[in-house]
Amino acid sequence: MISNELIHRRNSILFVLISVFYFVQVTVNSFIEGLASIFPPAFLFTVFGILLILFIHKKVNPKITMYVMVSCMYIYIYFLLTDSPYLVNYLFMWLALPLSAIYQNSRLVVIAGIASIILTFYSFFYLHNEIFPNVVKEDFVYLVLFGLFTTAFLLTFIHKIKEANVKLQKLAYQDPLTGAANRLLLKEKFDLQKELKVHSIALLFMDMNGFKKINDTYGHEIGDQLLEGIVSRVSGVLRETDLLCRLGGDEFVILVSNIDNLILESLSERIQFALDKPIVLDHLMISVSASMGWAYTTDVPHANLDNMIKIADRAMYKDKGNELIASHI
């Protein structure tokens, strides 16, 4: 889903494009028919323009502004066709449909497609003698088919773009082996938590015990499958708002927010419990365990991701040292 900030930027871009179209249209009409030909639609554009500038400048809900923007285009074109019923103005109307696709919003494109067909119906049957003097009315169906084809093409194009964006996001934000988040997504989510002004942020650092020995014993292919199984197990005990990130090798970080030390201890215990049951791979039962440490802060505005990772890493090594001591007693 496109963010509100991105929709806001596209609102600004579309307003610039509409303004350029308007001034080109005004210039062309002025040369052909004189300045009188641009009124009264010029008054409407001034009103719409001021309205849209206010919406964009004040950052009114970007989605609402998006619908207002496209609606203004079609309202203006309706009055333009009524005041200056020429074929060139009718052709300009079809530009509004691909322009609406700039948002990659299927619902908006469908609305724009319907509006285009309605204006086509109005132009063909109510302004037929002025715009289509040499076209028989039976040919109206071809104009409708053109609108339907263009709308369908844009919807297909948007669908393909969204599919490509999802694949690119996976490449950019996910670890290709395990599907866990990577360091880039961790950074973005960490900064987002600060913007949302959560009351606390914690990082839980997790390092698998004896993973090198497993790789040496069973091979890297089994080791890779084991990491996938670990991610699946750990993800199953996390909240939807938590983020599991693979830093590299057998090191993982879990980003959590709005949490306290008691809940962190409980989360650590749940993760250990999830890993206690051996993982079965190629008829092999492999037991795993993890050393963990965490960093916790309520000073969210001044929280630093790299510093918190270092603190959690040191706490993890302290835990690993305690486990080694315990194993030799």
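This is a short tour of a predicted model, stop by stop, with something to select each time. Local features here need pLDDT of at least 70 and side-chain atom pairs count only at pLDDT 80 or more, while totals for chains, interfaces and linings use all residues. Residues are numbered from 1 along each chain as its sequence is written, and side-chain values use heavy atoms, with hydrogens and water left out.

**Stop 1: the salt bridges**

There are four salt bridges in the structure, each a side-chain nitrogen of Lys or Arg within 4 Å of a carboxyl oxygen of Asp or Glu. Side chains of opposite charge can pair when their charged atoms come close.

Select R246 and D175 to start: their side chains form a salt bridge, 3.2 Å from N to O. This pair ties together distant parts of the chain, 71 residues apart, with R246 in strand β2 (residues 243-248) and D175 in the loop between α8 (140-173) and α9 (183-195). Those element names are DSSP runs numbered from the N terminus: helices are H or I with at least four residues, strands are E with at least two. Is R246 buried or exposed? R246 counts as buried because its relative accessibility is 15%, and D175 is buried too, at 11%. (Buried means under 20% relative accessible area, exposed over 50%, and partly exposed in between, with a 1.4 Å probe and protein chains only.)

Next, pick K212 and D216, whose side chains meet in a salt bridge at 3.0 Å, N to O. Both sit in helix α10 (residues 211-218), four residues apart, or about one turn of the helix. K212 is exposed at 60%, and D216 is exposed at 55%.

Now go to D242 and R239, a salt bridge with its closest N and O atoms 2.9 Å apart. Here D242 is buried at 11%, whereas R239 is partly exposed at 35%.

**Stop 2: around F55**

Jump to F55 in helix α2 (residues 41-57). Which residues does F55 touch, leaving aside those up to four places away in sequence? Show V60, I64, T65 and V68; contact means heavy atoms within 4.5 Å.

**Stop 3: a nonpolar patch**

Finally, select V16, V20, V24, V28, F31 and I32, which make a nonpolar surface patch of about 610 Å². Patches are built from residues with over 30% relative accessible area and no salt bridge, joining like charges within 9 Å and nonpolar side chains (Val, Leu, Ile, Met, Phe, Trp, Tyr) within 5 Å. Accessible areas come from the Shrake-Rupley method with a 1.4 Å probe, and for residues only the protein chains shown count as cover. Click on V24, in helix α1 (residues 4-33): V24 is partly exposed, with a relative accessible area of 43%.
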